[in-house]
Amino acid sequence: VDRYLELMHPMLARRTMRAEVVAVRSSAAGSLTLTLRPTRQWRGFAAGQFVRIGVVIDGVRHTRCYSPIDSEHRRDGRFELTVRAHDGGLVSQYLHRHARPGLVVSLEPADGDFRLPAVRPDNVVLISGGSGITPVLSMLRTLVDEGFPGRVAFLHYAAEPARVPHRDVIDEAARRTSVRAAFGYTRHPGGELDGHFDLAHLDTVAPWHRDSEIYVCGPASLREAVRAGCARVHSEEFTLELPRSTTATGETTFAASGRTAANTGASLLEQAEGAGLSPEHGCRMGICFSCTSLKRCGTVRNLRTGELDDEPDKQIQLCINAAEGDVTIDI
Ligand SMILES: Cc1cc2nc3c(=O)[nH]c(=O)nc-3n(C[C@H](O)[C@H](O)[C@H](O)COP(=O)(O)OP(=O)(O)OC[C@H]3O[C@@H](n4cnc5c(N)ncnc54)[C@H](O)[C@@H]3O)c2cc1C
Ligand code: FES
């Protein structure tokens, strides 16, 4: 039935979840905010989670993860995504060029463990860098909506003030509530926080931080600095550098397309791309499962855990597994 309904309008599909872009605005230099109206299958999200959206570019669907920026209590059933334009990035550049009201994207249910727990902590520190602001902004807005009785601090690091999306929302939260917000600029003088993250920043902005849960999203250097100085840290990354396997031998056969590639220790996703294939993928680090494909036979090494798996006819994530010896994948 969906195929017929879609001919009338893609938003009429009954089984496939989709979302229509109903508004587009610039939220900071290099950042775009889309307001999305999902179809009826949408069940909402918990503050901090991400969704996968898909767009068709030159006839091929590409999916990527984005974290809604709203309070999880937003009542009109819509949600907003803020997308930073990556130099040379396929989907973010496409959205910056082509997103306008009426664009329909595919949508997967919200997912992810980086979220506020159901029983809220006593105190919360939110730290972000660059585009990592999105999930912690959702946490901030959710806590404000709930009239959270504990202490909340929000620290954000950006290259310069013009690159901070939704600064007005954060300033308003700080004005109306006891939220303490502070900003640091790495390429601009004048931020309250001097340069990159330093534990002294937390001691100044949130001297009570040792009695709080800390949520951080941003580049590896920020996450590592926070982890080095604090306990009870929950973190999320948008990109992850995975190591290569150093013991790779043999050849991978991509059975459905009849291509082969000598194993290099890189992920099977990279090997497939190197062989001229374009498997679907989203996060490229093992969290969204959009690259899951059937391994017919052979041994693969999980690049995140180092574990080997030789079970035949098994679904594996191409982005975090590398071939060890001859492997056959059903793509
Ligand atoms: C859980 C999660 C939540 C996220 N939330 C957000 C969010 O709220 N907002 C947001 O803006 N982003 C978010 N992201 C990041 C987002 O999913 C995309 O990764 C981002 O938009 C880039 O996608 P792209 O298609 O534009 O870039 P891609 O085409 O995937 O490229 C990414 C980068 O790699 C480089 N690159 C691409 N191909 C190659 C190649 N062959 N060789 C070398 N370099 C290459 C590009 O230049 C680019 O800089 C999130 C990611 C995750 C995992
Ligand atoms: S691309 Fe997300 S799990 Fe592989």
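This section describes a helix pair, a further helix and several individual residues in a predicted model.

Two packed helices are described by the angle between their axes and the distance between the axes. For helix 3 (residues 133–145) and helix 4 (residues 167–176), the axes come within 11 Å of each other and cross at roughly 30 degrees. Angles under 35 degrees count as roughly parallel, and helix 3 and helix 4 are therefore roughly parallel to each other. The crossing of helix 3 and helix 4 is left-handed. On the side of helix 3, the contact involves I133, L137, L140, R141 and V144, and on the side of helix 4 it involves V169, I170, A173 and R176. By residue class, the contact of helix 3 with helix 4 consists of seven nonpolar and two charged residues, with no polar ones.

H166 belongs to the loop between strand 8 (152–158) and helix 4. The relative accessible area of H166 is 6%, and the cut-off for a buried residue is under 20%, so H166 is buried. The contacts of H166, apart from residues up to four places away in sequence, are R25, S27, T33, I69, T82 and L137. Of these residues, L137 also takes part in the contact of helix 3 with helix 4. The side chains of H166 and T33 are joined by a polar contact of 3.3 Å. Most residues other than glycine have a negative phi. In H166, phi is positive, near 60 degrees.

V179 lies in the loop between helix 4 and strand 9 (180–185). With a relative accessibility of 10%, V179 is classed as buried. Residues up to four places away in sequence aside, V179 touches L140, V144, V152, A173 and A174. L140 and V144 of helix 3 and A173 of helix 4 are also among the residues that make the contact between these helices. The C-alpha atoms of V179 and F148 are 9.8 Å apart, with a sequence separation of 31 residues.

A positive phi is also found in R232, where the value is near 55 degrees. R232 is located in the loop between helix 6 (220–229) and strand 12 (233–236). The relative accessible area of R232 is 42%, and R232 is partly exposed, whereas H166 is buried.

In helix 2 (residues 90–98), the buried residues are V91, S92, Q93, Y94 and L95. These buried residues pack against four strands, namely strand 2 (31–38), strand 3 (51–57), strand 4 (60–66) and strand 5 (79–84). Q93, a residue of helix 2, is in contact with A85, H86, D87 and G88 when neighbours within four places in sequence are left aside. A polar atom of the Q93 side chain lies 2.8 Å from the backbone oxygen of H86.

A85 is likewise a contact of G30, together with V83, R84, H96 and R163, again leaving aside neighbours within four places in sequence. G30 is placed in the loop between strand 1 (18–28) and strand 2. Although G30 and A85 are 55 residues apart in sequence, their C-alpha atoms are separated by 5.6 Å. The relative accessibility of G30 is 33%, and G30 counts as partly exposed.

The remaining residue considered is S293, in strand 15 (residues 292–302). S293 counts as buried, at 10% relative accessibility. Beyond its neighbours within four places in sequence, S293 is in contact with K314, Q315, I316, L318, I329 and I331. The side chain of S293 has a polar atom 3.2 Å from the backbone oxygen of C291. Between S293 and A159, which are 134 residues apart along the chain, the C-alpha separation is 39 Å.

Terms used:
Residues are numbered from 1 along each chain as its sequence is written. Chains are lettered from A and ligands numbered from 1 in the order in which they are written. This is a predicted model: local features need pLDDT of at least 70, side-chain atom pairs count only at pLDDT 80 or more; totals for chains, interfaces and linings use all residues. Side-chain values use heavy atoms; hydrogens and water are left out. Axes are lines fitted to C-alpha atoms, for helices over the stretch in contact, and angles run from 0 to 180 degrees between N-to-C directions. Helices (H or I, at least four residues) and strands (E, at least two) are DSSP runs, numbered from the N terminus. Angles under 35 degrees count as roughly parallel, over 145 as roughly antiparallel, 65 to 115 as roughly perpendicular and the rest as oblique. A crossing is left-handed if the near helix is turned anticlockwise from the far one by less than a right angle, and right-handed if clockwise. Contact means heavy atoms within 4.5 Å. Ala, Val, Leu, Ile, Met, Phe, Trp, Tyr, Cys and Pro count as nonpolar, Asp, Glu, Lys and Arg as charged, and the others, Gly among them, as polar. Buried means under 20% relative accessible area, exposed over 50%, partly exposed in between (1.4 Å probe, protein chains only). A polar contact is a pair of N or O atoms within 3.5 Å; within protein, one must be able to donate a hydrogen and the other to accept it, and residues adjacent in sequence count only if both atoms are side-chain atoms.
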